[in-house]
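I opened the notebook to write down what I looked up, one topic at a time. The entries follow the order in which I took them up.

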Amino acid sequence: MTSSNFCAVILAVVKELLDQNKQSLTSGKIINQHIRFTNRLGKPLELLYTKKPFLGIDGHIAGIMTVITDVTEHNNLQRENESVQKLLKTITDTIPGGVFQYEYYDNGEGFYTYISKGAQSLLGITSRTINQRGMTGCISPLIVDEDRVKIAKSFKRAAKRNSMIDIEFRVNNLGQKIWCRYIATGEKNSDDQLQGVRWNGILLDISLLKRQQADLSKANQLAHQADLAKSRFIATMSHELRTPISGINGFIELLRASYLDEEQFYLVEHIDSAISKLRNLVDDILYFANTSSGKIEIDCQDVDLESHLCRVLRAHEYLAKQKGLEFRLTWRTAAFTQARIDVSHLLQVLSNILNNAVKFTEKGAISCDVLFEKQTLKIEISDTGAGMTAQQLAHTFTPFEQADNSTERRYGGTGLGLTLAKQLIEAMKGEINISSTFGKGTNVFISVPLTKVAKPDLAASSVYWSVCTQNHLLLNNLASMGVKHNQLSHPLDANVFQQVDNMIIDEKYAIERWGKNWQKNICNIENKYIIVASTNDTQTPAKCSCHILLVDPLYPDLLRELVNNVHCGVDVLPHSLTTALHGQILIAEDNKTNQLLLEKQCQKLGIKAVMVEDGLAALKALENDNFDVLLTDCHMPHLDGFKLAKQLRNKEKFKYLPIIGFTADDSQECLNKALDAGMNSVLFKPYKLNELYNRLAEFIEVNKDEIQVQDEAPVSNLQGIKDKQHWLNVFGNENDAKTLAEVFITSLKQDLNTLTAHVDNQNIEKIPPAIHKLKGAIVMLQYPPLSKLIVSTENRFNQEKETLIVRELIVELSDVIEKIKLWL
């Protein structure tokens with residue numbers, strides 16, 4: 001500012017001040033005035049001055065007193081404060097919900113010192129009520145009455161504990177019920193008389209969240225109801241589908257036992273095959289329905305995994321070789337093979353994968369790689385089959401999807417196998433992965449965690465072995481099993497051989513040592529236990545301690561068995577009699593078809609059966625007569641089997657009556673319910689006649705004076721292989737047992753027809769090879785009496801050349817076929 005301009009401004013200000021002096025002197029009034037002024041340095045100033053007349057000694061106005069104050073900084077701070085408050089108000093008024101400051105005192109009074117526009121709108125608070133004291137319930141005049149007491153208690157409790165307050169309540173706002181959440185932290189506050197807390201917090205509209213929670217709760221209830229309905233539907237369908245299938249199976253079984261001509265037998269066989277496929281499809285669908293509902297029950301047990309896995313692998317090796325496929329097995333370690341796991345589900349998965357590999361492979365090989373790590377089992381299965389495209393692979397685990405979904409597809413099935421496999425593996429906390437190349441094959445990898453892993457002890461751990469082999473897998477298995485051994489050098493020194501008692505030797509070295517007729521020459525060696533590792537189905541030499549170990553592929557359980565049985569003979573399994581039962585049973589069954597079937601089956605078993613149609617009739621019959629066993633359907637009108645069992649167990653008279661339930665619902669839940677109701681056991685439809693016999697035989701006396709139920713011929717030492725239980729023991733589950741039994745008897749019938757033709761035509765030179773071929777169908781069965789019978793027949797025929805010896809074998813094996821058919 002120039003000097004001239006500054007002087008002009010000063011003169012104007014001075015002139016205004018002088019004018020105000022005159023006014024004050026004239027009127028005697030006080031004058032307060034704000035003026036804006038820019039000093040010589042150009043800085044704007046805000047000045048506050050006050051003019052007041054003062055009186056002299058004579059009592060007249062003597063002059064004017066002027067006080068000038070520089071309020072520039074004060075006004076600047078005030079303007080900044082107003083700007084911040086305006087900004088804060090804008091923010092708090094625009095955020096969802098709102099913010100507030102609420103003072104609460106010990107006498108229950110409270111008032112808002114600040115509340116944003118959003119909070120005012122939610123709570124129905126107006127600006128007039130701010131800073132007006134009232135009762136705590138008045139944090140909003142719109143609060144639903146039921147929530148007022150809860151709010152008051154929350155404030156008192158939080159104030160007493162000096163804790164945060166977080167409450168939810170409802171307000172009636174413009175005809176709508178709004179849910180609010182009130183969150184605040186407190187600080188001590190007091191006035192002259194009362195102690196209180198100043199609550200600073202936020203208010204949220206949670207109406208949408210509450211609606212979502214209500215919708216979710218309703219959806220969960222509907223889902224639960226749907227799940228219950230689905231469970232009831234599955235149980236009903238299980239009963240409704242399996243009951244007629246069970247009836248058909250039972251009548252087929254009875255029909256087979258009657259006289260049939262060749263055409264009738266052929267038709268019955270086809271009916272049975274069709275109903276078996278139908279049963280498997282129904283089982284797959286119902287099992288998937290249960291597992292998709294999350295009802296997979298894991299039953300972990302301490303098992304010998306080595307033996308279980310080998311049985312399943314051997315069974316599918318046989319199926320693969322029946323199709324002309326090569327089967328390769330790499331067992332990487334045989335150390336830690338005892339573990340706790342759900343072996344039933346594991347074998348179900350493994351069987352499914354191997355079945356697919358055999359089914360979809362027309363030529364080439366199937367390879368299995370088994371690796372036991374300390375806490376994990378890893379299995380990899382590869383095939384050279386059809387393979388899958390990337391699109392097909394993407395739907396591998398989709399239910400009811402198959403790689404070939406065309407109407408002309410070559411392969412049957414439901415498309416559920418791998419879906420179930422994935423669910424079961426994941427239920428066991430494992431993983432399954434699939435890779436595939438179209439036209440080249442498929443690779444499936446599964447990994448399952450193990451617990452309580454242990455290394456099985458060798459029965460002959462102190463025995464020392466001399467080994468002459470180039471089979472690295474065999475050497476690795478011996479080492480991992482802990483077999484004490486040393487490797488002999490090649491060529492085999494005769495002196496060294498004389499000094500060893502126990503030897504494992506490759507067949508090619510046996511040929512070098514004892515010639516092409518080594519099987520015969522080795523019998524002259526005394527006090528030797530020799531295991532010959534062979535890649536062929538070599539005949540076991542008689543009358544010496546020499547055993548054949550097939551190593552293409554090598555199964556560690558067979559190796560372990562041979563090593564453990566050093567210098568021990570093989571015991572023949574004892575046979576059991578299937579004699580008629582003696583007693584009277586009560587059967588409660590509402591289905592007429594099943595009544596007829598059970599009546600026929602009981603007649604076959606020699607049991608007197610009394611039939612009633614429901615649980616009420618069963619109670620009446622039990623009161624009026626004596627029965628050895630109650631056989632009751634679990635699902636009947638009026639009074640079902642579960643309730644019937646409970647009522648009987650509550651009566652002293654029937655506390656120890658054997659009760660067997662039967663049902664088409666084969667779930668673990670149904671079994672548990674039956675046992676809890678007081679049943680002794682449960683028979684699951686469809687069942688075979690021998691299953692009914694075995695279950696009843698637990699509670700009914702055997703009539704030893706009567707003949708065998710199904711066969712008048714004397715029982716041979718091959719009885720074990722004719723029974724279903726042996727096949728279950730060998731192959732782990734019923735599906736595999738039946739599948740392999742069907743393949744076995746088909747193959748055996750063909751071989752027996754060939755052998756019979758040679759005997760009838762007196763083709764003496766062709767009989768020994770035909771007998772030897774029979775052993776190919778026997779290897780997988782792990783039944784020493786049968787193997788011993790064939791070897792014995794072969795040796796006797798080679799010595800005596802008498803066809804009657806062979807005819808005895810044909811009769812025995814034909815009987816085996818017929819007995820197996822009875823439970824298939």
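**Entry 1: Q595**

I began with one side chain: that of Q595 reaches the backbone oxygen of E589 at 2.5 Å. The model is predicted, so I read this distance as a property of the prediction. I then looked up where Q595 sits, and found it in helix α16, which spans residues 592–605. Is Q595 buried or exposed? Its relative accessible area is 11%, and it counts as buried because the cut-off for that is under 20%. I also listed what Q595 touches, setting aside neighbours within four places in sequence. The contacts are E589, D590, M611, V612 and E613.

**Entry 2: the chain as a whole**

I next looked up totals. The chain has 824 residues, and 45% of them count as buried. I noted 26 helices and 29 strands. The accessible surface comes to about 43,100 Å², and carbon and sulfur atoms hold 52% of that surface. For contacts with a separation of 6 or more, I found that 63% join residues 24 or more positions apart.

**Entry 3: confidence**

How high is the mean pLDDT of the chain? I found a mean of 77, with 79% of the residues at 70 or more. Over residues 568–578 the pLDDT is below 50, and in the model this stretch has 19 contacts beyond near neighbours in sequence. Residues 704–716 also have a pLDDT under 50. For residues 704–716 I noted 25 contacts beyond four places in sequence.

**Entry 4: helix α24**

I asked which residues of helix α24, residues 767–774, are buried. They are I767, P768, A770, I771 and L774. Why do they lie on the same side of α24? They cover an arc of only 160° around the axis, which puts them there. For background I wrote down that an α-helix has 3.6 residues a turn, so residues three or four places apart point the same way.

**Entry 5: cysteines**

I looked for disulfides, and the count came to zero. C310 is buried, with a relative accessible area of 0%. C368 also counts as buried, at 2% relative accessibility.

**Entry 6: backbone angles**

I looked up a cis peptide bond and found one from D552 to P553, with omega near 5°. P553 lies in the loop between β22 (546–550) and α15 (556–564).

Then I turned to positive phi values. K452 is not a glycine, yet its phi is positive, at about 50°. This residue belongs to strand β17, residues 451–454. Is K452 buried or exposed? It counts as exposed, at 55% relative accessibility, because the cut-off for exposed is over 50%.

H638 is another residue other than glycine with a positive phi, near 70°. I found H638 in the loop between β26 (629–633) and α18 (641–649). With a relative accessible area of 67%, H638 is exposed.

Key: Residues numbered from 1 in each chain as written. Predicted model: local features only at pLDDT ≥ 70, side-chain atom pairs only at ≥ 80, totals over all residues. Heavy atoms only, no water. Buried < 20%, exposed > 50% of the residue type's maximum accessible area, 1.4 Å probe, protein only. Helix = DSSP H or I, 4+ residues; strand = E, 2+ residues; numbered from the N terminus. Arc of directions from axis to C-beta. Contact = heavy atoms within 4.5 Å. Areas by Shrake-Rupley, 256 points an atom, 1.4 Å probe, with all protein chains shown as cover. Disulfide = S-S within 2.5 Å. pLDDT = per-residue confidence, 0-100. Polar contact = N/O pair within 3.5 Å; in protein donor to acceptor, adjacent residues only side chain to side chain.
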